[in-house]
Amino acid sequence: MNKNDEIILKIDGTSSDGYGVGRHEGMAVFVPLTTEGDTVRTKILKVKKSFAYGKMTELIEPSMDRKSPDCDVFAQCGGCVYRHINYQKECEIKSKKVENNICRIGGYDLSPQPIISAERICRYRNKAQFPVSASGNTGFYAVHSHRIIESDKCLLQPEIFDKLCATIGDWIKTYNISVYDENNHKGLIRHIYLRIAEKTQEIMVVIIINGDSLNYSKELVDACISVAGDKIKSIQININKKDTNVILGDKCKTLWGSDFITDILCDVKIRISPLSFYQVNRDMAEKLYQKAAEYAECDNKTVLDLYCGAGTIGLGLAKRAKKIIGVEIIPDAIEDAKINAANNGIENAEFICMDAAAAAKELAARKLRPDVVIVDPPRKGCSSDLLSTIASDFSPERLVYVSCDSATLARDSAILRDYGYILTEYTPVDMFPSTAHIETVALLVRTVSTI
Ligand code: SAH
């Protein structure tokens, strides 16, 4: 197979990032915007040793699962990968992806529990960070690039975000405020970062800037209030003068209103600051946490909640548990977690701002022996150090693993098996409809007592 060849391909699989996959001359060929059941004419764009990338030039026979995409920029934007197939098929693909990882990487022969699918597949996100184009319009990055695709509406975000983006874009143009150019590191406005607390409808607007202050901030406040009224609770700047791709800097200044917004999650009032992690799909976060609670069986037990963010998982369990200890590395998130506990009258929760592995070592040295450990790490999963401390020092009866990348969940499950922890059940939860992402909650149970 060579670059620029045109081949006819039957798509019979899906890659982990949502591309259709077919086989040709023993090679896997990845083709974006196709799906299982399609027959497509494909132009080969790149050939590697055992696989190739292609581009669909003709849809010869469409899959039964296809639907017409409902977004004008679907083909260019790097956000959604499944706007061209029905939701049932999307859930099937996602569930299979998790199962493949657990079986192939994790070495388990275990099927997933039925996927917990989303009721709302559009406008479910409560957070968005929009890059701003040179002309002052918001948009999204193209696939695998930093080219901005301008777009005045996004079906993953609430409609009020579309309106706020348009208004803030007008404000940028009216007052001729410079926009950041990552090629020469000049210009002020980097991103527009919006959050909404869905239960209370409180909105936070954060302008991420390559500078220390913002002119025309009164006009900005007036513009935001003119579209979203008293839902606007907080307007801030975030200072990011670094010449990197990281979106947020570590300092925020409130221009108007409060420093945070408040949502209600699993009956707990949660304060959300710009730098604190908060699940982007509130409704599905409740379902995820309910499943985690079911797996934890933590009545009257001591629970260690590692990678706790603003404390959301642990605080939801505090009523039934004996004690909750949360660990998180971001200071603002731990501040939020402590205030969240106080605001909800929760007295049996303690929060520690530290790296999870280091905190685990320290807690183990202090002879803490939690009955249940919950981990919810970023995509890279847990370090082998942390897994060793959990399994050998804490030896909890149950380990609940919440994962946003089932490949690292599978890797860590295989490591934990060597310590006597067996993966007994796992459930995919679709927190991110239309995208390639899928959350998984897994239960690992101790089979040998190491104490
Ligand atoms: N459980 C929370 C947060 C999950 S996201 C929730 O459901 O809302 C993962 C969290 O891990 C983030 O808050 C991130 O700041 C934190 N984190 C990342 N690396 C960490 C580390 N090395 N030690 C502790 N926390 C870490």
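Reply: Begin with the ligand. The shell around the ligand holds 16 residues, and the closest are Gln279, Tyr289, Glu328, Asp355 and Ala356. Keep in mind that this is a predicted model.

Me: How do the residues of the shell around the ligand divide into nonpolar, polar and charged?

Reply: Ten are nonpolar, three are polar and three are charged.

Me: Next, cysteines. How many disulfides are there?

Reply: A disulfide is a covalent bond between the sulfur atoms of two cysteines. In a model, test the distance: the two sulfurs must be within 2.5 Å. The count here is zero. Take cysteine 71: the nearest cysteine sulfur belongs to cysteine 80 and is 6.6 Å away, so by the 2.5 Å cut-off cysteine 71 is in no disulfide. Cysteine 382 is in no disulfide either; its nearest cysteine sulfur, in cysteine 404, is 11 Å away.

Me: Now a helix. Which residues of helix H8 are buried?

Reply: Helix H8 spans residues 384-394. Its buried residues are Leu386, Leu387, Thr389, Ile390, Ala391 and Phe394.

Me: What do the buried residues of H8 pack against?

Reply: Both helices and strands. The helices are H7 (356-365) and H9 (406-418). The strands are E15 (302-306), E18 (372-375), E19 (398-403) and E20 (421-429).

Me: What follows H8, and what is its phi?

Reply: Most residues other than glycine have a negative phi. Serine 395 follows H8 with a positive phi, near 45°. Serine 395 is not a glycine. Its place is the loop between H8 and E19. At 3% relative accessibility, serine 395 counts as buried.

Me: What is the phi of glutamate 297, and where does this residue lie?

Reply: Phi of glutamate 297 is near 40°, again a positive value in a residue other than glycine. Glutamate 297 lies in the loop between helix H4 (282-296) and E15. Glutamate 297 has a relative accessible area of 48%, so it is partly exposed.

Me: On to contacts. Where is phenylalanine 161, and which residues does it touch?

Reply: Set aside residues up to four places away in sequence. Phenylalanine 161 sits in helix H2. Its remaining contacts are Asn126, Lys127, Ala128, Phe130, Leu194, Arg195 and Ile196. Phenylalanine 161 has 0% relative accessibility, so it counts as buried.

Me: What does aspartate 170 look like in helix H2?

Reply: Helix H2 covers residues 159-174 and includes aspartate 170. With 43% relative accessibility, aspartate 170 counts as partly exposed.

Me: How do I read sequence separation against distance in space?

Reply: Aspartate 170 and leucine 220 are 50 residues apart in sequence and 9.8 Å apart in space. Leucine 155 and arginine 104 are 51 residues apart in sequence and 34 Å apart in space. Phenylalanine 161 and aspartate 393 are 232 residues apart along the chain, and their C-alpha atoms are separated by 47 Å.

Me: Where is leucine 155, and what does it touch?

Reply: Leucine 155 is in the loop between strand E8 (148-150) and H2. Beyond four places in sequence, leucine 155 touches Asp70, Cys71, Arg83, Cys122 and Arg123. Leucine 155 is buried, with a relative accessible area of 13%.

Technical notes:
Residues numbered from 1 in each chain as written. Predicted model: local features only at pLDDT ≥ 70, side-chain atom pairs only at ≥ 80, totals over all residues. Heavy atoms only, no water. Near = heavy atom within 4 Å. Nonpolar A, V, L, I, M, F, W, Y, C, P; charged D, E, K, R; others polar. Buried < 20%, exposed > 50% of the residue type's maximum accessible area, 1.4 Å probe, protein only. Helix = DSSP H or I, 4+ residues; strand = E, 2+ residues; numbered from the N terminus. Contact = heavy atoms within 4.5 Å.
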